[in-house]
Amino acid sequence: MEVDEPSSRPPGCSLRHFACEQNLLSRPDGSSSFLQGDTSVLAGVYGPAEVKVSKEIFNKATLEVILRPKTGLPGVPEKSRERLIRSTCEAVVLGALHPRTSITVVLQVVSDAGSLLACCLNAACMALVDAGVPMRALFCGVTCALDSDGTLVLDPTTKQEKEARAVLTFALDSVEQKLLMSTTKGLYSDAELQQCLAAAQAAAQHVFRFFRESLQRRYSKS
Amino acid sequence: MAAGFKTVEPLEYYRRFLKENCRPDGRELGEFRTTTVNIGYISTADGSALVKLGNTTVICGVKAEFATPPTDAPDKGYIVPNVDLPPLCSSRFRAGPPGEEAQVTSQFIADVIENSQVIQKEDLCISPGKLAWVLYCDLICLDYDGNILDACTFALLAALKDVQLLEVTINEETALAEVNLKKKSYLNIGTHPVATSFAVFDDTLLLVDPTAEEEHLAAGTLTVVMDEKGRLCCLHKPGGSGLNGAKLQDCMSRAVTRHKEVKKLMEEVIKSMKPK
């Protein structure tokens, strides 16, 4: 079990403190727990494993994402988020190397204090790396909130999200910081979108640096 | 011979067309399919609309019923959208509980209603804390040929424009609701959200209004929902290959043109309708 935290807060960046722990569960092939401020998500990856004949794809792996909320049964919003996370993973996982298999990502929300979808994406990425699933790039999730006078807040808390005029969540890849996934809430203008995207790309650099450092620390010890 | 090539190598078949900047059905890359809309189609519903985008057919029916307002917002009514993709529309859907596609589309429509504030929920309240309208919006797809999100958003908007609510007064003595069947009023539509969907091909090409085949072959899809002031209600990109800022800019400008086309079409249809 490895607990990794960034050695110092990145200067000029308003992301909350984040921490990541890998290989903490014994049964899944890969697992991770990602903390962003008070938001915490636990992820487990099983795969490549056997797939039901009805779901198998002849030339690539079938990806499945299950998102369980903290309380209650999974409903329609969870299904929508599962689709977003699954499509993001499908874009980066090299499924062609494991045809007719299934890769299942199970996410459990442990605590929700804002920026939940971004935390789920980060946990899923770290768990996929821990499981050794081949990927063409890493991906990370970043949330931006725009309040009524147009100020940008990265990685908002639940209170900031409620008071914001618009909340935008992006998934960016590690190679060129291209936009992989985007989902938004509220009204905003085109210029504000470009501004948020640029801020998210800058924040993503910090997140990827954290991923790299934590993986380096983990593999240098073993 | 072309049919054989298409079955064996569908992506290569498409690439041959895309090299000439057109698609197998003869459209340009930025061209929409023929859009037709029929408002007031269902007489038993309070508001209805049928939208056809090429072959994709979606019908929306709105029924208004009474309910008690929520305790945390006693001056608001409800709008409940539901998208149904029955086995009738495509062979990939089975009978039974709603599949993933239907649930994701329902959530998308609910988000568009919430974000764009197309109707102010306060307008649906009759008596704060006691009685409010609930609008059940049922969207049913009759024929699935891609671009379901655009068709559903348009159908919903057209149906909401058609909805006529009866006038309800609360009798002070008996505290019961009295419905005046003779007096009806249209809903106050604040904004007109219009969705434009794109399919991303080979990381660079963006095709507008993808058919079911194109959606299947594409590396990803992107939907932009814009209102008449150019504000974005929703940028829905569920995964797929990456896009940079310049490509997003192209999508925005196409969405602005599409909004004008759709608005003009809807205004023409509403003007041509005989008053009830």
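This is a walk through a predicted two-chain model, one selection at a time.

**Before you click**

Residues are numbered from 1 along each chain as its sequence is written, and chains are lettered from A and ligands numbered from 1 in the order in which they are written. Because this is a predicted model, local features need pLDDT of at least 70 and side-chain atom pairs count only at pLDDT 80 or more, while totals for chains, interfaces and linings use all residues; side-chain values use heavy atoms, leaving out hydrogens and water.

**Stop 1: the annotated spans**

Start by colouring residues 15-134 and 138-202 of chain A, which an unreviewed UniProt entry annotates as "domain: Exoribonuclease phosphorolytic". (UniProt positions are given in the numbering used here, feature names are shortened, and annotations may be inferred rather than shown by experiment.) The span 15-134 of chain A is 28% helix and 33% strand, and its end C-alpha atoms lie 28 Å apart. Here helices (H or I, at least four residues) and strands (E, at least two) are DSSP runs, numbered from the N terminus. For residues 138-202 of chain A, the end C-alpha atoms are 16 Å apart, with 29% helix and 42% strand.

Now go to chain B, where UniProt lists residues 31-164 and 193-256 for "domain: Exoribonuclease phosphorolytic", again from an unreviewed entry. Residues 31-164 of chain B have their end C-alpha atoms 34 Å apart and are 24% helix and 36% strand. In residues 193-256 of chain B, the ends are 11 Å apart, C-alpha to C-alpha, and the make-up is 28% helix and 38% strand.

**Stop 2**

Buried means under 20% relative accessible area, exposed over 50%, and partly exposed in between (1.4 Å probe, protein chains only).

Zoom in on B:L135. Skipping neighbours within four places in sequence, its contacts (heavy atoms within 4.5 Å) include B:V62, B:Y78, B:I119, B:L160 and B:L187.

**Stop 3: along helix α2 of chain A**

Stay with helix α2 of chain A and pick A:N122. Is A:N122 buried or exposed? It is buried, at 2% relative accessible area. Not counting residues up to four places away in sequence, A:N122 touches A:F34, A:Q36, A:F139, A:C140, A:G141, A:V207 and A:F211.

**Stop 4**

Next, select A:S115, in the loop between β6 (102-111) and α2 of chain A. A:S115 is not a glycine, yet has a positive phi of about 55°; it is also buried, with a relative accessible area of 2%. Then try A:D155, in the loop between β8 (152-154) and α3 (158-163) of chain A. Its phi is near 55°, a positive value in a residue other than glycine, and A:D155 is buried at 4% relative accessible area. Finally, find A:P48 in strand β4 (residues 39-49) of chain A: the peptide bond from A:G47 to A:P48 is cis, with omega near -10°.

**Stop 4: where two helices cross**

Show helix α1 (residues 76-92) of chain A and helix α3 (residues 100-116) of chain B, whose axes come within 8 Å and cross at roughly 105°. Axes are lines fitted to C-alpha atoms, for helices over the stretch in contact, and angles run from 0 to 180 degrees between N-to-C directions. The two helices are therefore roughly perpendicular (65 to 115 degrees; under 35 is roughly parallel, over 145 roughly antiparallel, the rest oblique). Residues making the contact include A:V76, A:P77 and A:R83 of α1(A), and B:E100, B:V104 and B:Q107 of α3(B).

**Stop 5: a proline in chain B**

End at B:P238, in the loop between β12 (232-236) and α6 (245-272) of chain B. B:P238 counts as buried, at 10% relative accessibility. Leaving aside neighbours within four places in sequence, B:P238 is in contact with A:L84, A:S87, A:M181 and B:T221.
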